Amino acid sequence: MINRKTILCLFIGLLLFVSNAGAQCCSMGSPAGASTYVGVLAKNHLRFIVFYRHNYLDTYFNGYKPIKSPTQIRNSFYNFTGITLSYGITKRLTVDADLGYFINKTQVYLINDTINKIKGYGLTNGNVTFKYGAYIKPQKGIELTLGLGVKYPFSGQPMYVDGSRLAVDLQPSSNAFGASGHLIFSKDFPKISMRFMTIHKYEYNFTNGENYRYGSSITNSFFVSKKIVKNLFAVLQLRNEYRFKDYGNGEFAYNTGGEIMLLSAQISYSLFHKWHIAGLFDYPVWKNYNGRQLSPKYSFAFSLTRDLDLNKKTKT
């Protein structure tokens, strides 16, 4: 049987992997994956999630309205991959350790009729989150979970490419510590094979070594999932993301912060109640930015989740 000491080694190994990877790191907030498995786990259960996300931006907004910006930037996109390891310490207490890596954060410029690309890349912050099942009633299908997380950097320095410091939008890292609070509520309706869930998260970023602080954020997500056929589920999500302005050089950065609302459609398939494959597509339905900012046009993500019951004896 795998004991808690082994689980602790797994978590330490995960964190050491990030520390020794050698890349510049950390983002203003790691992009979300396609998994909705966010509540507490049963005691001595392990969950492993890997995901990939692509995001594409091509239109500038000022406030509510799209604008034609005089900037030479034509579009921007990123490709991101992440991993989460969760462990049920008790039947009410779960710990998550997660990290992510920007394969690229790219801006495309048109200069003198020539296309040029500037690319950032690297690890995001590491995150450790403790989640507590404050109210769990399986017979009623209700779970209320509270969470508290810590975000930590693996580098205090911004990224440079070919000797030039990357712009703030291309940095994969905030290079600063942070903290987060979580509130998760779910309600199952087994008679109609439906589930309702809300996820609320507040994230605060501290000032980095360059005396720059990325804006804090508030995210509210509302999910409805429905079983279509055996092992196949459809999920509809409405997500609101609000970000405060960045702060640096003794003042708030003008073209930062704002609010966006996204509609997300997701399909999830379960294999043997152990493997879960999911894919989603995000589409923004409402935007409101401070100043002039490049806004997302769409994004999509895929995830693979594996659940393990460590109470069972392993075969030799």
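**Ground rules.** I am working from a predicted model, in which local features need pLDDT of at least 70 and side-chain atom pairs count only at pLDDT 80 or more, while totals for chains, interfaces and linings use all residues. Residues are numbered from 1 along each chain as its sequence is written, and side-chain values use heavy atoms, with hydrogens and water left out.

**Entry 1, strands around β18.** I took strands as DSSP runs of E with at least two residues, numbered from the N terminus, and I called two strands paired if DSSP finds at least two bridges between them. I looked up β18 (residues 275-309) and found that 18 bridges join it to β1 (residues 45-63), the two running antiparallel; within β18, arginine 306 stands opposite phenylalanine 48. I then followed β17 (residues 258-271), which runs antiparallel to β18 and is joined to it by 14 bridges, with serine 268 having alanine 278 of β18 as its bridge partner. β17 and β18 form a hairpin with three residues between them, and in that turn I noted phenylalanine 272, whose phi is positive at about 60°.

**Entry 2, an open sheet.** I found three strands in an open sheet, ordered β12-β15-β16, with antiparallel pairing. β12 (212-213) and β16 (251-252) stand at the edges with a single partner strand each, so one side of each has no neighbour in the sheet. Looking at β12 and β15 (residues 247-248), I counted two bridges in the antiparallel sense, and I noted glycine 248 in β15 as the bridge partner of tyrosine 212.

I counted rings of Phe, Tyr and Trp (its six-membered ring) as a pair if their centres lie within 6.5 Å, with planes under 30 degrees apart called stacked, over 60 edge-to-face and the rest tilted. The structure holds 13 such pairs. For tyrosine 242 and phenylalanine 244 the ring centres are 5.0 Å apart and the planes stand at 85°, so I recorded this pair as edge-to-face.

My criterion was NZ of Lys or CZ of Arg within 6 Å of the ring centre and within 35 degrees of the ring normal. The charged end of lysine 105 sits over the ring of phenylalanine 102, 4.7 Å from its centre, and that of lysine 187 sits over the ring of phenylalanine 189, 5.4 Å from its centre.

Definitions and conventions
Helices (H or I, at least four residues) and strands (E, at least two) are DSSP runs, numbered from the N terminus.
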